[in-house]
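This report describes the fold, the sheet and the ligand shell of one model. The sequence and the structure come first, and the description follows.

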Amino acid sequence: MRLRSKKWAVPFIDEHPDLIIKDQRAKQLKGNWSLVFGNNHPLYLEIGSGKGQFILDNAIKYPENNFIGLELQPTAVAIAGKKAFKQDPQLANLKLILGDGGDVSDYFADNEISKIFLNHSDPWPKAKHEKRRLTAENFLKSYSKILLPNGALELKTDNLGLFEYSLSSFKKFGLSWPEEQISYDLHHELKKNPVNIETEYEKKFAEMNQPEYWIRVNF
Ligand SMILES: C[S@@+](CC[C@H](N)C(=O)[O-])C[C@H]1O[C@@H](n2cnc3c(N)ncnc32)[C@H](O)[C@@H]1O
């Protein structure tokens with residue numbers, strides 16, 4: 001979903017290079033994110049982090065882990081950055097990348113990431129756009145490179161078409177999951193993911209009583 005662009009967004013991004021890292025610089029940091037955070041804590045990545053509430057709430061709740069939100073749209077990144085800055089200007093375990101998750105191995109070295117989150121990713125429903133879905137085979141290949149052995153991918157969506165496509169893509173890729181790591185109605189089965197943190201889109205769809213589909217797969 002494209003956001004209406006805000007005039008203040010690009011200046012805000014330029015003024016906060018410690019929090020918001022632009023594409024080219026992020027590529028130079030590949031393999032060295034522990035230096036950026038100043039520690040070796042596990043690194044969690046959300047691709048398509050939008051306005052950032054999910055990744056920000058995670059960073060606040062889990063100071064023992066590092067978090068990166070990767071997002072294409074400058075206005076969304078700037079809104080996320082503003083929220084984070086307002087919440088805690090010293091928040092040390094969160095960075096935002098203004099970049100494209102088309103090939104995450106541009107930004108991250110092999111085995112650099114502990115977990116990837118895909119939350120309400122664009123569904124690209126037309127068959128001719130299959131390769132753009134963030135769970136298409138090419139994306140899974142780059143996730144398997146950057147994830148640690150047995151690293152996890154968590155997907156949440158309101159879109160059944162994208163969910164079922166993703167399950168079949170995971171299976172073709174040789175991935176499997178136990179029953180307790182999948183739900184067709186997460187908000188009524190929170191025992192499967194008691195630590196669930198809601199995203200902006202998730203809240204919006206929950207208000208419309210739309211079920212939240214969820215899966216965690218280990219690579
Ligand atoms: C529907 S929004 C969901 C935002 C947020 N994850 C949530 O659940 O509230 C999808 C977001 O993914 C971003 N996005 C789509 N393709 C992307 C890509 N290849 N790399 C980075 N971000 C992407 C879009 O710009 C948009 O902000």
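This is a predicted model: local features need pLDDT of at least 70, side-chain atom pairs count only at pLDDT 80 or more; totals for chains, interfaces and linings use all residues.

## Sheet, helices and ligand shell

Strand 2 and strand 3 run parallel and are joined by five bridges.

Within the pair, Leu 45 has Ile 68 of strand 3 as its bridge partner, and Leu 43 stands opposite Asn 66 of strand 3.

Strand 3, helix 5 and strand 4 make a right-handed β-α-β unit.

These strands belong to an open sheet of eight strands in the order 1-4-3-2-5-6-8-7, and the pairing in the sheet is mixed. Strand 1 (20–22) and strand 7 (182–183) are the edge strands, each of them pairing on one side only. Strand 7 is joined to strand 8 (residues 213–218) by two bridges, and these two strands run antiparallel. Ile 182 has Ile 215 of strand 8 as its bridge partner.

The pairings described so far are collected here.

| Strands | Sense | Bridges |
|---|---|---|
| strand 2 and strand 3 | parallel | five bridges |
| strand 7 and strand 8 | antiparallel | two bridges |

Why is strand 2 described as largely enclosed by the rest of the structure? Five of its five residues are buried, so the strand is largely enclosed. In a regular strand, side chains alternate between the two faces of the sheet. For strand 2, Leu 43, Leu 45 and Ile 47 lie on one side and Tyr 44 and Glu 46 on the other, and both faces are covered.

Strand 3 is also mostly covered, with six of its six residues buried. Asn 66, Ile 68 and Leu 70 point one way from strand 3, while Phe 67, Gly 69 and Glu 71 point the other way. The buried residues of strand 3 thus include the charged residue Glu 71.

Helix 4 (residues 53–61) has Gln 53, Phe 54, Ile 55, Leu 56, Asn 58 and Ala 59 as its buried residues. These residues pack against strand 2 (43–47), strand 3, helix 5 (74–87), strand 4 (94–98), strand 5 (113–119) and helix 8.

### The ligand shell

Which residues come nearest to the ligand? Among the 21 residues around the ligand, they are Gly 48, Gly 50, Gly 101, His 120 and Thr 199. Two elements give two or more residues to this shell, namely strand 3 (66–71) and helix 8 (200–207). Helix 8 supplies the largest share, three residues. By residue class, the shell holds six nonpolar, ten polar and five charged residues.

### Lys 27

Lys 27 is located in helix 2 (residues 23–28). Is Lys 27 buried or partly exposed? Lys 27 counts as partly exposed because 14 C-beta neighbours lie inside 10 Å. Apart from neighbours within four places in sequence, Lys 27 is in contact with Asp 106 and Tyr 107. The C-alpha atoms of Lys 27 and Ala 109 are 10.0 Å apart, although the two residues are 82 residues apart in sequence.

### The chain as a whole

The protein chain has eight helices and eight strands. Along the principal axes, its C-alpha atoms fill a box of roughly 45 × 40 × 35 Å. The radius of gyration is 17 Å, which agrees with the value near 17 Å for a compact globule of 219 residues. Of the 219 residues, 38% are buried. Among contacts with a separation of 6 or more, 78% are between residues 24 or more positions apart.

Methods. Residues are numbered from 1 along each chain as its sequence is written. Helices (H or I, at least four residues) and strands (E, at least two) are DSSP runs, numbered from the N terminus. The radius of gyration is taken over C-alpha atoms; the globule rule is 2.2 Å times the number of residues to the power 0.38. A residue is buried if 20 or more other C-beta atoms lie within 10 Å of its own, exposed if 12 or fewer, and partly exposed in between; C-beta atoms are placed from the backbone. Two residues are in contact if their C-beta atoms, placed from the backbone, lie within 7 Å. A residue is near a molecule or strand if its C-beta atom, placed from the backbone, lies within 6 Å of it. Two strands pair if DSSP finds at least two bridges between them. A crossover is right-handed if, with the strands pointing away from the viewer, the path from the first strand over the helix to the second runs clockwise.
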